[in-house]
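Here is a short tour for anyone about to open this model in a viewer. Keep the display handy as you read, and follow the topics in order.

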Amino acid sequence: MPDPAIENVIIIGSGPAGFTAALYASRANLNPLMFSGNVPGGQLMITTDVENYPGFPDGIQGPALMKLFREQAERFGTRVVDKHVDSVDFSGPPHRVVVGGEEHMAHTIIIATGAEAKWIGLEGEVTYGGYGVSACATCDGFFFRGKQVIVVGGGDTAMEEANFLTRHAERVFVVHRRDELRASKIMQQRAFDNPKIEFIWNSEVIEILGNNVPSKHVTGVRLRNTVDGTEREMPIDGVFVAIGHKPNSEIFSEWLDMDELGYLTLAGKGTKTRVTGVFACGDVADHVYRQAVTAAGTGCMAAIEAERYLEALEHVASAV
Ligand code: NAP
């Protein structure tokens with residue numbers, strides 16, 4: 001008899017990878033339990049137009065897409081708990097996850113914890129976070145109506161944020177540390193073509209300036225030229241940091257292998273980690289593609305692999 005205290009599958013994380021794993025696991029009658037984490041829906045919750053998810057020829061807003069993912073997984077019985085997993089113990093099987101002091105056991109774990117925005121590391125990012133400093137144009141762009149803002153970074157995220165911010169801000173300056181963008185050509189062109197966007201090349205933000213009167217706000221930045229080292233102050237109302245992401249893998253460091261950037265490394269081609277019964281999918285294990293559609297694809301793979309592993313377990317159990 002299966003032990004009812006042990007779940008078949010616990011899914012950690014609720015982005016495209018987690019919900020796709022949940023969809024497949026629930027349609028396979030595995031009755032998955034998902035802990036959605038601190039940002040239910042993941043990174044797409046702070047994305048505006050998603051134009052590259054197949055099936056949406058007119059594009060879709062990130063939060064709307066994640067609502068659909070969730071509805072589809074719940075339709076087949078996924079139990080979604082909007083809580084954060086604090087720690088794990090993979091010394092099993094069964095494996096354990098601790099959530100708000102409560103321990104949950106499962107034969108298989110699917111890790112889909114994704115990645116989150118990186119910060120430059122300036123004191124001003126902490127002091128003025130939410131008061132003029134942000135990593136999410138969708139969330140905070142509205143507050144900069146008619147104002148001047150900078151976006152730090154030269155990748156697709158920076159271009160997307162800059163373009164979006166021109167809906168609200170009067171002028172958007174992209175500050176990039178080199179004289180060449182990392183962003184894809186189409187995103188670059190969109191930014192170059194936008195008359196409200198101006199590029200400040202070979203520059204890095206070394207300080208965020210602000211004051212507390214009448215309330216806490218950003219007043220400017222100190223920029224350093226990366227070629228000749230000269231510094232200058234630039235008055236600005238807001239700073240959007242868009243310099244990439246880091247994987248949410250800290251709680252697994254004791255148990256799983258990861259690369260120097262913290263991305264989980266997998267055992268072979270699929271989603272198996274080095275721990276039996278633990279699978280990883282989506283951005284937490286992918287520093288190369290990091291797309292919603294690739295995350296969803298690997299979420300599907302993780303669920304199929306978990307299902308096959310559980311089937312093999314049952315055969316072993318019934319043979320004993
Ligand atoms: P990214 O491609 O890694 O780019 C990060 C950018 O930030 C780079 O230009 C980098 O400069 C700069 N940077 C990094 N650390 C910095 C620091 N400490 N100070 C100043 N600048 C710093 O990250 P991303 O733009 O977030 O994109 C990640 C992935 O998601 C990419 O594969 C991208 O294509 C994808 N994405 C796609 C879309 C879309 O298609 N709609 C939207 C967003 C993201 P250097 O260039 O000098 O290294």
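This is a predicted model: local features need pLDDT of at least 70, side-chain atom pairs count only at pLDDT 80 or more; totals for chains, interfaces and linings use all residues.

In strand S19, Val278 is the bridge partner of Ile109.

**Strands around S8**

- S19 (residues 278-280) runs parallel to S8, and three bridges join the two.
- The hairpin of S7 and S8 has two residues between its strands, and Gly100 takes a positive phi near 55° in it.
- A handy reminder when looking at side chains here: in a regular strand they alternate between the two faces of the sheet.

**The nonpolar core**

- The largest nonpolar core has 30 residues; Ile11, Phe19, Tyr53, Leu65, Phe69 and Ile110 touch the most other members.
- S1, H1, helix H2 (62-75) and helix H7 (292-319) are the elements that give two or more residues to this core.
- H7 gives the most, with eight residues.
- Which residues does Ile110 contact, leaving aside its neighbours within four places in sequence? Among them are Val9, Ile10, Ile11 and Ile12, along with Ala21, Phe279 and Cys281. Ala302, Ala303 and Ala306 are in contact with Ile110 as well.
- As general background, nonpolar side chains tend to be buried together in soluble globular proteins.

**Helix H1**

- H1 (residues 16-27) has twelve residues and reaches 16 Å from its first C-alpha to its last, close to the 16 Å expected at 1.5 Å a residue.
- Ten of those twelve residues are buried, so H1 is largely enclosed by the rest of the structure.
- The buried residues of H1 include Phe19, Ala21 and Leu23, and also the polar Thr20 and Ser26.
- Just after the helix, Asn29 takes a positive phi of about 60°.

**Aromatic pairs**

- The structure holds nine aromatic pairs.
- Why does the pair of Phe90 and Phe252 count as stacked? The ring centres of Phe90 and Phe252 are 6.2 Å apart and their planes lie at 10°, so the pair is stacked, the cut-off for stacking being under 30 degrees.
- This pair links distant parts of the chain: Phe90 is in the loop between strand S6 (87-89) and S7, while Phe252 is in the loop between strand S18 (245-247) and S19, 162 residues apart.
- Phe90 counts as buried at 4% relative accessibility, and Phe252 is buried with a relative accessible area of 0%.
- Phe142 and Phe143 also have ring centres 6.2 Å apart, but with their planes at 80° the pair is edge-to-face.
- Are Phe142 and Phe143 buried or exposed? Phe142 counts as exposed at 52% relative accessibility, and Phe143 counts as exposed at 58%.
- Tyr53, Phe56 and Phe69 are linked into a cluster by ring pairs; Tyr53 and Phe69 are also listed among the core residues above.

**Charges over rings**

- The charged end of Arg27 sits over the ring of Phe76, 5.2 Å from its centre.
- Likewise, the charged end of Lys216 sits over the ring of Tyr131, 4.7 Å from its centre.

Definitions and conventions: Residues are numbered from 1 along each chain as its sequence is written. Side-chain values use heavy atoms; hydrogens and water are left out. Two strands pair if DSSP finds at least two bridges between them. Helices (H or I, at least four residues) and strands (E, at least two) are DSSP runs, numbered from the N terminus. Rings of Phe, Tyr and Trp (its six-membered ring) pair if their centres lie within 6.5 Å; planes under 30 degrees apart count as stacked, over 60 as edge-to-face and the rest as tilted. Buried means under 20% relative accessible area, exposed over 50%, partly exposed in between (1.4 Å probe, protein chains only). A charge sits over a ring if NZ of Lys or CZ of Arg is within 6 Å of the ring centre and within 35 degrees of the ring normal. The expected span of a helix is 1.5 Å times one less than its number of residues. A nonpolar core is a set of buried Ala, Val, Leu, Ile, Met, Phe, Trp, Tyr and Cys residues joined through side-chain atoms within 4.5 Å. Contact means heavy atoms within 4.5 Å.
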